[in-house]
Amino acid sequence: MAAYRDAPALPLRAFAACMGVPASTVRYYTRLGFLPFFRYRRRVLYPNFACMLLARVIQYRRLGLGIAAIAEQLRHERELGEAHLAALREAGGDPLEEARE
């Protein structure tokens, strides 16, 4: 796993191993649309921020939330983030652009 420490994205099995779950769990939540991924040279890769999403999904399951409730919660979190970003942009700039500079 040390080879992937600074990687911007991880292949399925490495991602699952880092998160301490079976690859089938990652595939399941990916099929449900909870985890973002992309394909590169016929490989499925998960971006680093997918770790935070999977950790939240696992925590919600431990709290007893069902799949529909988790989907609603993730949608709500995404909407709040988008609204916050829009407000920051209106207030004078794009914080994402500033971070890239």
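Where does Arg42 lie? I looked it up: Arg42 is in the loop between E2 and E3. Keep in mind that this is a predicted model.

**Entry: the E2–E3 loop.** I checked phi for Arg42 and got a positive value of about 65°, although the residue is not a glycine. Arg41 lies in the loop between strand E2 (38-40) and strand E3 (43-47) too. Its phi is also positive, about 50°, and Arg41 is not a glycine either. Next I looked up accessibility. Why does Arg42 count as exposed? Its relative accessibility is 84%, and exposed means over 50%, so Arg42 falls in that class. For Arg41 I read 68% relative accessibility, so Arg41 counts as exposed as well.

**Entry: overall layout.** I went through the secondary structure and noted 5 helices and 3 strands. Reading along the sequence, I wrote down the pattern β-α-α-β-β-α-α-α. The protein has 101 residues, and 26% of them count as buried.

**Entry: helix H4.** How far does H4 reach from its first C-alpha to its last? I got 35 Å for this helix of 24 residues (67-90), close to the 34 Å expected at 1.5 Å a residue. After H4 comes Gly92, and here I found another positive phi, near 130°.

**Entry: the largest pocket.** I looked up the volume of the largest pocket: about 320 Å³. Which residues of its lining are closest to the centre? Of the 15 lining residues, they are Leu53, Arg56, Leu74, Glu77 and Arg78. Helix H3 (50-62) and H4 each supply at least two lining residues. Sorting the lining by class, I noted 8 nonpolar, 2 polar and 5 charged residues.

A side note on spacing, for reading the helical part of the lining. An α-helix has 3.6 residues a turn, so residues three or four places apart point the same way. I marked Leu74, Glu77 and Arg78 again, which are among the residues closest to the pocket centre.

Key
Residues numbered from 1 in each chain as written. Predicted model: local features only at pLDDT ≥ 70, side-chain atom pairs only at ≥ 80, totals over all residues. Heavy atoms only, no water. Helix = DSSP H or I, 4+ residues; strand = E, 2+ residues; numbered from the N terminus. Expected span 1.5 Å × (residues − 1). 1 Å grid on protein atoms, 1.4 Å probe; cavity = no way out; pocket = protein on both sides within 12 Å on 5 of 7 lines; lining within 4 Å. Points joined across faces, edges and corners; volume = space filled by probe spheres on them. Nonpolar A, V, L, I, M, F, W, Y, C, P; charged D, E, K, R; others polar. Buried < 20%, exposed > 50% of the residue type's maximum accessible area, 1.4 Å probe, protein only.
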